[in-house]
Amino acid sequence: MEKPPHIIGRERQWRAMEHFLLGGDRDAPLRLGLVSGRRRTGKTQLLTAVCEALGGLYIACVQDEGDRAARRRFASALAHHAGLGETVRGEPESWERLLRAALDTAARVAPPGRPALVVIDEFPYVMSNAPQLPSLIQHLYDDSQRGQAPGGRLILCGSALSVMHTLLSGTKPLRGRAMMDMRLNELDYREAAELWRIPDPELALRVHACVGGIPGYRPLMTSTPTSADDFDGWVAGNLLAVDVSVFTRTEVDYLLREDPRITARSLYYDILSAVAQGAHTPSKIGAATGRDSNAIRYPISVLESAGYLARTQDLIRSRKPTFRVCDPIIRFDRLITAPHLGQLELGRAEQVWRAAAPTFRSDILGPHLEELAREWVHRFAPDELGRPIGFGAVGFGSVQDNAGRAKHDIDVIAIENSRVHLIGEAKATLARRGLPDLERLDGIRVLLAREGHDTTDLITVLFSVTGFTPDLARTAASRADVVLVDLKRLYGL
């Protein structure tokens, strides 16, 4: 099964899908698979490509549709797939009959040598008015194992992560029955540059800092920046334009609506704003929102499980967990769009963007470069630095200098038990990195050893968007333990 060229990345997911669909006996009992991921990650693109490759039955569910209308839509999709037209007269069948009919229809229409495949996209939408569906699928699955129901492959897909992740949890009907549980994340930053067809790494970094690696945003843009000179106009004409579909305030509202647990959205907006502005612990988030830390514990857990907040931790000092906004478009909205919404509604996008330039560089681009530096160490450095087993846990850290009465933050650190394999600093400032930056990291290395960490094979890495001074470049060339990563190297160019 060949992956279509229009699907960027997803090599591992395509192989897993191929194994799920084509592995084993074509006439084996029913196999169940789940595919989940936040809005616009490319789930539908992936699953429709699979259906086209295998002649499968694809059924799209619709949000806020009544049960009767949903059953009629389901039946129409069956009829169309069977070549009978799409008109369904009279009362549609029950869900139990429709599910069996879907597998029977898929089996009859499947090309020779191919398994029957049924994909139900946005399954949580139809579940909202038919909560019995997981139990019906359980009975269908169990009957199939006994030879009393059709076989084939059934894939349930959805963007409501909380709903999808609980389908297989605890005592839920489908627990222990799914052979595949695929969670489709965003593309990595190199794949995102390929998706956007941006060869300039500086421009690719800026675009990724705004929209991340979400494939669904690219076709919605009114234009695509081709050079750094186009970037400002692209932001103003897309992300800050009230009347286009990728206006970040509108997009974030859609994202929060995907999770049925998020009802009082103002509280969730306040929490996201607080974290984006630097309140990273529950107590600081509570103080910033004017609420007790206990009152925000549940909303934080919801945002975390929905993929909008990520839990992080100092890898050296092992303090309480901290949180960061892990979705770039939410961070952009909270720091730039939301504070200036009134002016944007007056059509003053260009003026707002010019005024927000310092915020973008310090609060968005800088932290984003740190995140990509950690991703480079985790994802690409094992191959590019000749350590195929990786560097252990990758994150950030801090070390205390008692003699100097100072604490030193470490942007990038890779640690395995007590052995520190790598430390790094990532800066998006306009100044080039120089010898003082390396000397600071060398000092941190001494402090780590003093605290009892093994630093014998430690690699020091400096990341920069503007390059390095000649003296630093000469020093790095003479030291095997020093690595300089500019944007070209970060992007594998």
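Trainee: Which residues line the largest cavity?

Mentor: This is a predicted model. In it, the lining of the largest cavity is made up of Tyr 189, Ala 192, Ala 193, Trp 196, Ile 198, Ala 204, Val 207, His 208, Gly 212 and Tyr 491. Two elements give two or more residues to that lining, helix 8 (189-196) and helix 9 (201-211). Helix 8 gives the most, with four residues.

Trainee: What is the volume of the largest cavity, and how does its lining divide by class?

Mentor: The volume is about 50 Å³. Eight of the lining residues are nonpolar and two are polar, with no charged residues.

Trainee: Pockets next. Which residues lie nearest the centre of the second largest pocket?

Mentor: Gln 63, Glu 122, Tyr 125, Ser 159 and Glu 258 do, out of 25 lining residues. The space in this pocket is about 690 Å³. Helix 2 (43-54), helix 5 (123-127) and helix 11 (248-257) each supply at least two residues of the lining. By class, the lining has nine charged, eight polar and eight nonpolar residues.

Trainee: How is a pair of aromatic rings described?

Mentor: By the distance of the centres and the angle of the planes. A search of the whole structure gives 10 aromatic pairs. One of them joins Phe 231 and Trp 234, which are 6.0 Å apart centre to centre with 35° between the planes, a tilted pair. Both residues belong to helix 10 (residues 228-239) and are three residues apart, about one turn of the helix. Phe 231 and Trp 234 are both buried.

Trainee: What is the geometry of the pair formed by Phe 231 and Phe 360?

Mentor: That pair is tilted as well, at 5.8 Å centre to centre and 40° between the planes. It links distant parts of the chain, since Phe 231 is in helix 10 and Phe 360 is in helix 18 (residues 357-384), 129 residues apart. Phe 360 is buried, as is Phe 231. Both belong to one aromatic cluster, together with Trp 196, Trp 234, Phe 332 and Trp 353. Trp 196 is also among the residues lining the largest cavity.

Trainee: Over which rings do the charged ends of Arg 190 and Arg 249 sit?

Mentor: The charged end of Arg 190 sits over the ring of Phe 380, 3.9 Å from the ring centre. For Arg 249 the ring is that of Tyr 269, with the charged end 4.3 Å from its centre.

Trainee: Is Arg 450 buried or exposed?

Mentor: Arg 450 is exposed, because its relative accessible area is 59%. It lies in helix 19 (residues 435-450). Between Arg 450 and Ser 478 there are 25 Å in space, C-alpha to C-alpha, and the two are 28 residues apart in sequence.

Note on methods
Residues are numbered from 1 along each chain as its sequence is written. This is a predicted model: local features need pLDDT of at least 70, side-chain atom pairs count only at pLDDT 80 or more; totals for chains, interfaces and linings use all residues. Side-chain values use heavy atoms; hydrogens and water are left out. Rings of Phe, Tyr and Trp (its six-membered ring) pair if their centres lie within 6.5 Å; planes under 30 degrees apart count as stacked, over 60 as edge-to-face and the rest as tilted. Buried means under 20% relative accessible area, exposed over 50%, partly exposed in between (1.4 Å probe, protein chains only). A charge sits over a ring if NZ of Lys or CZ of Arg is within 6 Å of the ring centre and within 35 degrees of the ring normal. On a 1 Å grid over the protein atoms alone, a cavity is a set of points where a 1.4 Å probe fits but cannot get out, and a pocket is an open set with protein on both sides within 12 Å along at least five of seven lines; lining residues have an atom within 4 Å of a point. Grid points are joined across faces, edges and corners, and a volume is the space filled by probe spheres set on the points. Ala, Val, Leu, Ile, Met, Phe, Trp, Tyr, Cys and Pro count as nonpolar, Asp, Glu, Lys and Arg as charged, and the others, Gly among them, as polar.
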